Amino acid sequence: MMQNEKFITNSIDDSELTFNDFKTIVMNDYKIAYESRQASVLGRREVLTGKAKFGIFGDGKEVPQVAMAKAFKKGDWRSGYYRDQTFAFATGISTIKEFFAQLYANPTNGADPFSGGRQMNCHFATKSVNEDGSWNDLTQIKNCSSDISPTGGQMARLVGLAYASKLFRNNKELDYLKNFSVNGNEVAFGTIGNASTSEGVFFEAINAAGVLQIPMAISIWDDAYGISVPAKYQTTKEDISEVLKGFQRDKDQPGYEIYKVKGWDYPALCEVYEKAIHICREEHVPVFIHVTELTQPQGHSTSGSHERYKSKDRLTWESEYDCLLKMREWMLESAIATEEEIADTEKKAKVFVRNAQKEAWNEFLDSIKPEQKKVIDLISALAQHQPELAKIAAQLSATADAQRREVFSAARKAIRLSAKFNSQERNDLLTWYKDQEELSFDRYNSKLHTNGVESPDKIAVVDAEYDDLSKMVDGREVLNACFNENFARDQRLVAFGEDLGNIGDVNQGFAGLQARFGELRVTDTGIREMTIMGQGIGLAMRGLKPIAEIQYLDYLIFALNVLSDDLASLSYRTKGIQKAPVIVRTRGHRLEGVWHSGSPISMLLGSLRGMHLCVPRNMTQAAGMYNTLFRADEPAVVIECLNGYRLKEKLPNNVGDFTVPLGKAEVLEEGSDITVVSYGSTLRLVQEAAEELANFGISVEIVDPQTLLPFDVNKVCASSLAKTNKLLVVDEDVPGGASAYILQKVLEDQNGYFTLDGKPKTLSAKPHRPPFGSDGDYFSKPSVDDIIETIYGMMHETHPAKFPPIF
C-alpha cells in the first residue's frame with residue numbers, strides 16, 4: 001500500500017445505499033478518523049524526541065471533521081485553523097505522509113505541497129496558481145485557503161471567499177469566468193476553536209456575513225478550553241451559540257441558521273452537516289454549527305500537558321466521551337461492525353501511519369545526506385593543508401540525522417578558518433557553497449511576490465498622453481475617470497468600503513460609479529476594517545479584482561493584522577501556489593488632528609513585505625499606478641494625498657490606459673548641490689522650498705521614489721547623490737521611521753555612502769501624533785520653513801563663508 005495514498009470520505013444517501021454500502025462508508029470514516037488520531041499521537045512523539053520543532057494537532061475533533069468533509073464539494077473553499085487535519089485527510093487535501101513532511105519542515109519540492117516546508121504542521125493550502133502565476137481551474141479542486149496561526153485570523157478572509165459566491169451568482173457579467181465558479185454554488189467553510197470566538201475579528205466576520213447574506217458555514221470546535229483557560233472566562237454564558245441567538249433568521253428578517261450538535265455523535269453530525277450545508281449552498285444563507293462536548297486528548301500542543309490545568313473529573317469525562325470511543329461504541333451497538341472488524345481496522349491504521357511517518361522522515365534525511373557527505377569530503381580534502389579542520393569534518397560526520405543548518409554551518413566555519421590559505425580545495429568548497437546559495441534562496445526565501453506572467457514589472461509602460469484640448473480638472477476627477485474606464489474594461493473589478501458606494505467616497509473618487517456599474521460592483525460597507533480587508537482577500541483568491549477601501553490611512557491600523565498576517569505573507573508562505581491581488585486604497589498624510597493626520601509608514605514597511613506600497617504625489621500618478629495594478633496580479637496599498645483631490649491636474653487622454661511602473665523613482669527637479677528624497681504630500685513642500693533656496697544660490701535635486709515597496713530599483717537616488725554629494729530625506733513619519741528605511745536603501749543597498757561629503761540628514765515629524773489645527777500641523781510636521789532651514793544649514797556646514805548661519 002502506498003504511504004501517500006488518499007482516503008476520501010463519501011456522503012451518505014440512505015435512499016440509495018444497501019447496508020453493505022453504508023457499512024463500507026462508516027468503516028472508511030472510522031478508519032480515516034483513527035488514522036488521524038494516530039498521526040496526532042505519533043506527531044507529538046516526534047516533537048518530544050527532537051525530530052520536529054513544535055507540533056499542534058487535531059486530536060479529539062476527528063469525527064465532526066469527517067462529517068463536515070462529507071458536505072464539502074469541488075469548488076468549495078475552506079478557511080480554517082490548525083486543528084483540521086482530519087478534514088484535510090477526509091477531503092483528500094492532504095495525505096498523512098504530507099502531514100509528517102510538513103511537521104519535519106521538508107523544503108524538497110512536492111514533499112510539503114502546502115507551504116514548501118515554511119509552515120508548521122496542520123497549515124494546509126491547495127494549489128490555486130501554476131508555476132507561471134496563471135490560475136488553475138478552481139471549480140475542479142476542493143479548495144483550501146492557506147492557513148495562518150493567529151487565532152481568529154482566518155475569519156476575515158472567510159467573508160470574502162463566501163462573498164465571491166454571491167457575486168458569481170448575481171452578477172451575470174462574470175459568467176465567462178468558468179474556472180472560478182459554477183453559478184456561485186460554492187460554500188466557504190470556516191472553522192475556529194471556541195476560545196478564539198472571543199476575538200474581535202470573529203464577531204466582525206459574523207456580523208458582516210449576516211448583513212451580506214453569503215454562503216458561509218462556520219463550525220466551532222468547542223472543547224471548553226482555550227489552552228488552560230476554561231470557557232467561563234472566555235464566553236458569556238459559556239456558550240457561543242447562546243450568545244449568537246439574536247442572529248437566528250426568522251420569516252421577516254434575514255440572518256443565520258444556527259445548529260448545535262455534540263461532537264461525538266457521528267449520525268447526528270452527518271445529518272446536521274448535510275442539512276446545514278444544503279441550506280447554505282442553495283439559499284445563500286450563512287450557517288453556524290456549534291460542535292460541543294469535544295475533547296483534547298493530548299492537550300493544546302507539544303508545549304505542555306493539559307493535566308496541569310484540568311481537573312480529574314474533567315479528564316475522566318474526556319476519556320469517556322472521546323469522539324472515537326463514542327463512534328466505536330455506536331458502531332458496535334448498531335451492529336455495523338464487530339469488535340474484531342474494528343480492532344483489525346485499528347491495527348492496520350497504526351501500521352499505515354507509522355510507515356507513512358517513517359517514509360516522510362527518511363525522505364527528509366535523504367534530501368540532506370548527499371549535501372552532508374559532499375561537505376565532509378570537501379572539508380576533509382581541505383584538512384590536508386590545515387589539519388585542524390579535520391575536527392569539523394569529523395563532527396559533521398558523527399552527527400546522525402544532520403539537518404541542513406548543521407551542514408552549512410560546518411561549511412561556513414571551514415571557509416572562515418581557511419581564509420588566509422588559498423588552495424584548490426578551498427576553491428572547491430567555496431564553489432560548492434556559492435552554487436548552493438541559489439538553491440537555499442529557493443527553499444527558504446523565494447516567492448515573496450508571485451513573480452508570474454502578470455507581475456507588475458511585466459506590465460507594459462504606457463506614457464500619459466496629452467494634447468492642446470486636454471482639460472485641467474480637480475485631482476479627484478482624474479481618479480474618477482480612471483476608475484470609470486477600468487470598470488468598463490474589466491468586469492472582474494469590484495470596489496467596496498465605508499461611504500464608497502452611494503456618495504462615491506468621501507473625496508468623490510467614485511462619484512457616480514455605483515449608479516453606472518451597480519451595487520454589486522461598487523458597494524458600501526459597515527465600519528469593519530478587518531473584514532473589509534478579508535473581503536478583498538477572499539474575492540482576490542477566487543479570481544476577482546477587488547479594491548478594498550480604508551477611508552483614512554490611520555484606520556489601516558485597525559486592519560493591519562489581517563494585511564500583515566494573511567495577505568502580505570500569502571505568496572511566501574505557500575511558496576507561490578496561492579495569490580490574492582487585492583488593491584488597498586486609502587488616503588493619508590495631512591488632514592486634521594491626532595486621528596486623521598498620521599503617516600505610520602514605517603509600521604507598514606515593517607508589516608507588509610510581500611505587498612507593494614505606493615505613495616503617489618498626485619492623482620495622475622495614482623491613476624497610473626492603479627492602471628498598472630489593475631492589469632497585474634500582486635497586492636498593493638495605494639496612499640492618495642489627502643490635500644490633492646481639489647488641486648488642478650491635466651487629465652490624460654488615455655486616463656484608463658497609461659501606466660506608472662512600480663519601483664521606478666523619478667527626478668522631479670534637477671539640481672547640483674543637494675539631493676532631497678521625499679514622497680507623497682511633502683514633495684510639494686520640498687518643491688516650494690527649492691524655489692526660495694534658489695534665491696540663496698542653492699540648487700536642489702528632488703527625487704520622488706513613487707513607491708516604497710519596491711524602492712528605487714534603478715538606483716536613481718544613488719546616481720543623484722553621486723552628483724550632489726549631499727542627502728536629505730523628508731517625510732511625515734516619526735523620527736527613525738520611513739526616513740531611516742530610505743537611508744538604509746540609499747546608503748547601504750545603493751552604496752550612496754561612498755559619494756557623501758557630509759552627514760546625511762532626515763527631516764521628519766515630531767515623535768508624537770500631530771495635534772489639531774493648522775498650527776498643530778505646522779509645529780509637528782515638516783514645514784516649508786523647516787525644509788529651507790535644514791538644507792541651508794547643511795550647505796553652511798560645507799561652505800560656512802558662503803552660507804553664514806541664519807540663527
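User: What separates the centres of domain 3 and domain 4, taken over C-alpha atoms?

Analyst: This is a predicted model, and in it 26 Å separate those two centres. For orientation, domain 3 covers 456–650 and domain 4 covers 666–798.

User: How do you know that domain 3 and domain 4 are in contact?

Analyst: Contact asks for heavy atoms within 4.5 Å. By that test, 30 residues of domain 3 touch 29 residues of domain 4, so the two count as being in contact.

User: And how much area do they bury between them?

Analyst: About 2,400 Å², with 52% of it on carbon and sulfur atoms. On the domain 3 side, Arg-590, Val-615 and Arg-617 lose the most area to domain 4, together 30% of what that side buries.

User: What makes Glu-666 and Arg-617 a salt bridge?

Analyst: The rule wants a side-chain nitrogen of Lys or Arg within 4 Å of a carboxyl oxygen of Asp or Glu. Here the N to O distance is 3.2 Å, which is inside that limit, so the pair qualifies. Between domain 3 and domain 4 the count is three salt bridges.

User: Which elements give two or more residues to the side of domain 3 that touches domain 4?

Analyst: Those are α20 (601–607), β14 (612–614) and α21 (619–631). Sorted by class, that side has 15 nonpolar, ten polar and five charged residues. There are also 14 residue pairs in polar contact across the interface, both partners at pLDDT 80 or more.

User: What makes the peptide bond between Leu-709 and Pro-710 stand out?

Analyst: That bond is cis, with omega about 0°. Pro-710 is placed in the loop between β20 (707–709) and α23 (716–724).

User: What is the phi of Glu-293, and where is that residue found?

Analyst: Its phi is positive, about 55°, although Glu-293 is not a glycine. You'll find Glu-293 in the loop between β8 (287–292) and α9 (312–320).

User: Which feature does UniProt place at residues 473–647?

Analyst: The unreviewed UniProt entry puts "domain: Transketolase-like pyrimidine-binding" there. In the model, that span is 37% helix and 17% strand, and its end C-alpha atoms lie 8 Å apart.

How values were computed: Residues are numbered from 1 along each chain as its sequence is written. This is a predicted model: local features need pLDDT of at least 70, side-chain atom pairs count only at pLDDT 80 or more; totals for chains, interfaces and linings use all residues. Side-chain values use heavy atoms; hydrogens and water are left out. Domain bounds come from an automatic or database domain assignment. Buried area is the accessible area (1.4 Å probe) that two parts lose on being put together, summed over both. A polar contact is a pair of N or O atoms within 3.5 Å; within protein, one must be able to donate a hydrogen and the other to accept it, and residues adjacent in sequence count only if both atoms are side-chain atoms. Helices (H or I, at least four residues) and strands (E, at least two) are DSSP runs, numbered from the N terminus. Ala, Val, Leu, Ile, Met, Phe, Trp, Tyr, Cys and Pro count as nonpolar, Asp, Glu, Lys and Arg as charged, and the others, Gly among them, as polar. UniProt positions are given in the numbering used here, feature names are shortened, and annotations may be inferred rather than shown by experiment.
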